[in-house]
Amino acid sequence: MSNQDAKLGYIADVFKFAYEQRTLSGEVKVAVFERLSDLLAEPAGVLTYRIEGDLDAMRRPRLTLSIDGRLMLRCQRCLGGLGWDLAVSNALQPVRSGQEIPEEELEDDEVDAIEVDGDLDVLSLLEDEIILALPLAPRHDECEPSRPEGGAVKESPFAVLSALKAKGNAS
Ligand SMILES: [Zn+2]
């Protein structure tokens, strides 16, 4: 894992970033996201991301975030890998922490307000947005359950473990 991947860095002043209409984009390995990796069958592949700063019609700072790539989810039925195309496209409204979020923004489904206190951690922002976009219970269209009812029941890993333990104690 290259150091560059592990540190996407920070946007030091997200409000300035928006006012100056700056853009941040690049590629990042899936394996870099620790929380996300725990949810996947395999943390393989590379995602592309783009964060665009601008002002909305009311001249409020806005970030347009897009993240694309393919993730290997874990099928909830057979626990096998399930390829899934990630396509995040989200508008975010940065607000200073402690600042009241106007009610109309809370009602606006198309824009999510995010509290920013100091630096904006790019990696953690991307990871939050990816996790929110994941399907709740991914499943293959057609697959066999990992423990078929009425069929041969595989020995559970716990049974194997306690058998090993018992063996260890006996010797
Ligand atoms: Zn499956």
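Is Asp56 buried or exposed at 13% relative accessibility? Asp56 counts as buried. Buried means under 20% relative accessible area, exposed means over 50%, and partly exposed lies in between (1.4 Å probe, protein chains only). The points below go from the overall fold to the details.

1. **Basis.** This is a predicted model: local features need pLDDT of at least 70, side-chain atom pairs count only at pLDDT 80 or more, and totals for chains, interfaces and linings use all residues. Residues are numbered from 1 along each chain as its sequence is written, and side-chain values use heavy atoms, with hydrogens and water left out.

2. **Overall fold.** The protein has 6 helices and 8 strands. Helices (H or I, at least four residues) and strands (E, at least two) are DSSP runs, numbered from the N terminus. Their order from the N terminus is α-β-α-β-α-β-β-β-β-α-β-β-α-α. Of the 171 residues, 30% count as buried. Now take the contacts (heavy atoms within 4.5 Å). Among those with a separation of 6 or more, 59% join residues 24 or more positions apart.

3. Cys78 is partly exposed, at 23% relative accessible area.

4. **Helix H5.** This helix covers residues 122-133. The expected span of a helix is 1.5 Å times one less than its number of residues. Buried residues in H5 are Val122, Leu123, Leu125, Leu126, Glu127, Glu129 and Ile130. At the start of H5, a side-chain oxygen of Asp121 comes within 3.1 Å of the backbone nitrogen of Leu123.

5. Side chains of opposite charge can pair when their charged atoms come close. A salt bridge is a side-chain nitrogen of Lys or Arg within 4 Å of a carboxyl oxygen of Asp or Glu. The count by this rule is 7. One of them joins Arg35 and Glu127 (3.2 Å, N to O). This pair links distant parts of the chain: Arg35 is in helix H3 (residues 34-39) and Glu127 in helix H5, 92 residues apart. Arg35 is partly exposed at 40%, while Glu127 is buried at 6%.

6. **Further salt bridges.** Asp56, from the opening question, pairs with Arg60 (3.1 Å, N to O). Arg60 is partly exposed, with a relative accessible area of 23%. Shared partners also join Arg35, Glu127 and Asp128 into one salt-bridge network. Glu52 and Arg50 form another salt bridge (3.2 Å, N to O). Glu52 is partly exposed at 35%, and Arg50 is partly exposed at 36%.

Technical notes: Polar contact = N/O pair within 3.5 Å; in protein donor to acceptor, adjacent residues only side chain to side chain.
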